[in-house]
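Here is a quick walk through one protein model, stopping at a helix pair and a handful of individual residues. Have a look at the sequence and the structure before reading on.

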Amino acid sequence: MFHRNTQHVASYYTSTCVAPGLPVQTDTIDTEVLIIGAGFSGLHTALQLALEGRRVTVIDASRIAWGASGRNGGMAILGWSCDMDVIAQATGLEGARTLWKLMRWAAAEVKELPKRHGFDCDYREGHLWTAVLKRRVAALKHWQQQAVNQWQYENLQFVEKKDLPRWVDSQRYQAGLFDPEAGHLNPLKLALGLAQAIKRAGGVILEQTRALSYREVGNRMQVNTEQGQINCDVLVLACNAYIDQLDPGLSRKVLPVSSLVVTTEVLAPELARSLIPSQACITDNQFNLDYFRITPDHRLLFGGGCAYLGSLPDNIGAALRPKVNRVFPALGKVGFEYAWGGHIDITMNRAPDIGSRGNVYWLQGYSGHGLLPSCVAARAVAEAILGRRDYLALFMRLRQRDFPGGPRFAAWLEAAGKSWCRLRDLI
């Protein structure tokens with residue numbers, strides 16, 4: 001659907017680490033599990049299966065974490081893009097509690113994975129969810145109470161407006177809700193670390209190997225790629241926003257939406273610390289939200305804005321400059337050293353689309369909130385492949401509808417509907 005470069009985009013993350021190229025498919029391959037997509041969904045699934053002794057092959061049309069997994073805001077925030085009420089309506093209260101416990105597991109897992117497998121991903125603790133509008137302070141308090149009463153999660157700390165300067169130095173916010181179990185990290189470093197762990201566990205990863213189609217042959221799957229053929233017992237589709245026509249049915253359930261990120265030049269350490277004294281990552285509860293954090297080398301990394309028609313502006317820095325200055329006027333015209341964008345995959349109800357049919361599994365639809373949810377979904381899929389389907393069965397109750405209008409009109413209809421939601425951020 002979108003032009004794919006063969007290399008990673010020029011983001012801040014690519015300047016922080018080296019991503020050595022991996023082999024391309026050269027011969028027909030026979031494997032037990034084939035995973036298409038080397039983002040967080042595919043990598044987490046592959047690692048869990050490889051550690052269980054399964055023969056796993058991962059392929060990607062470009063590079064490891066070429067998509068949103070390697071260029072997102074790097075925020076490991078507990079929860080899904082939809083409210084927990086959406087989850088509970090589909091799974092029942094006990095089912096939703098199980099999925100919330102899995103989310104807490106994922107938060108701890110992402111923090112511990114680098115220690116366990118010997119790599120670094122610049123992990124830092126803490127997330128502050130803020131309210132821009134006074135009338136939305138109640139939403140923070142409601143979530144804090146619901147977290148205690150329904151999900152037995154008592155760690156959220158409400159921050160009054162008078163106390164916010166100790167957390168974030170901006171007059172824009174009315175209150176905040178701090179979550180100590182959340183955190184932020186370098187997503188490309190995490191993905192590359194996962195890839196190394198997979199290879200050490202015996203898994204195979206191939207880059208620049210695009211899947212074109214697949215079909216069932218007997219009780220196995222046959223995947224045709226640009227280089228040849230791969231035969232497998234189990235197929236996992238972890239393509240997310242880039243599923244395209246590899247599976248038209250899954251493609252109709254997600255809509256690719258572009259998201260933008262900038263990173264400033266290196267700031268004086270004192271200035272960087274003064275912007276976010278808590279060193280937490282920050283988001284707000286606007287519909288068209290901002291998200292930002294300080295990097296280990298004292299830059300402000302700031303994301304926000306989206307386009308439901310999937311295009312990226314010619315000048316991403318100019319598009320985000322007003323948002324940055326609205327939050328931190330003191331930064332003025334500070335330089336943006338990196339500016340990039342990418343595509344996330346949203347669903348109609350913003351809940352993830354995780355499921356299976358026969359020996360085909362899929363993970364998609366994180367709706368812009370995928371760092372921890374992808375880890376949860378990967379565990380559900382990996383355990384289902386290993387014969388334990390309880391978690392996957394819960395996800396499959398989150399039935400997803402096709403976007404109306406088909407490929408040609410879905411984005412226009414969605415954009416029109418969301419224009420009203422954005423207007424509500426202003427009135």
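A crossing of two helices is left-handed if the near helix is turned anticlockwise from the far one by less than a right angle, and right-handed if clockwise. Helices (H or I, at least four residues) and strands (E, at least two) are DSSP runs, numbered from the N terminus.

## What you are looking at

This is a predicted model, where local features need pLDDT of at least 70 and side-chain atom pairs count only at pLDDT 80 or more, while totals for chains, interfaces and linings use all residues. Residues are numbered from 1 along each chain as its sequence is written, and side-chain values use heavy atoms, with hydrogens and water left out.

The pLDDT is the predictor's confidence in each residue, from 0 to 100. The protein chain averages 93, and 93% of the residues score at least 70. Go carefully over residues 414-424, though: there the pLDDT is below 50, and the stretch has 18 contacts in the model beyond near neighbours in sequence. Contact here means heavy atoms within 4.5 Å.

## Two helices crossing

Two packed helices are described by the angle between their axes and the distance between the axes. For helix α1 (residues 40-51) and helix α3 (residues 93-117), the angle is about 65° and the axes are 14 Å apart. (Axes are lines fitted to C-alpha atoms, for helices over the stretch in contact, and angles run from 0 to 180 degrees between N-to-C directions.) The α1/α3 crossing is left-handed.

Which residues make the contact? From α1 come H44, L47, Q48 and L51, and from α3 come W105, L113 and H117. Sorted by class, that makes four nonpolar, three polar and no charged residues. (Ala, Val, Leu, Ile, Met, Phe, Trp, Tyr, Cys and Pro count as nonpolar, Asp, Glu, Lys and Arg as charged, and the others, Gly among them, as polar.)

## T91, in helix α2

T91 sits in helix α2 (residues 84-91) and is buried, at 6% relative accessible area. Buried means under 20% relative accessible area, exposed over 50%, and partly exposed in between (1.4 Å probe, protein chains only).

Leaving out residues up to four places away in sequence, T91 touches A96, L99, L394, R397 and L398. With A96 there is also a 3.1 Å approach, from the T91 side chain to the A96 backbone nitrogen. A polar contact is a pair of N or O atoms within 3.5 Å; within protein, one must be able to donate a hydrogen and the other to accept it, and residues adjacent in sequence count only if both atoms are side-chain atoms.

## The loop between β2 and β3

S69 belongs to the loop between β2 (56-59) and β3 (75-76), and N72 is in that loop too. S69 is buried at 16%, and a polar atom of its side chain lies 2.8 Å from the backbone nitrogen of F40.

The N72 side chain has polar atoms 2.9 Å from the backbone oxygen of A68 and 2.6 Å from the backbone nitrogen of G74. Past its neighbours up to four places away in sequence, N72 touches Y13, F40, P187 and L371.

## Two positive phi values

Most residues other than glycine have a negative phi. D122 has a positive one of about 60°; this residue is in the loop between α3 and β4 (124-131) and counts as buried at 18%. R350 has a phi near 65°, lies in the loop between β15 (336-346) and β16 (353-357), and is buried at 15%.
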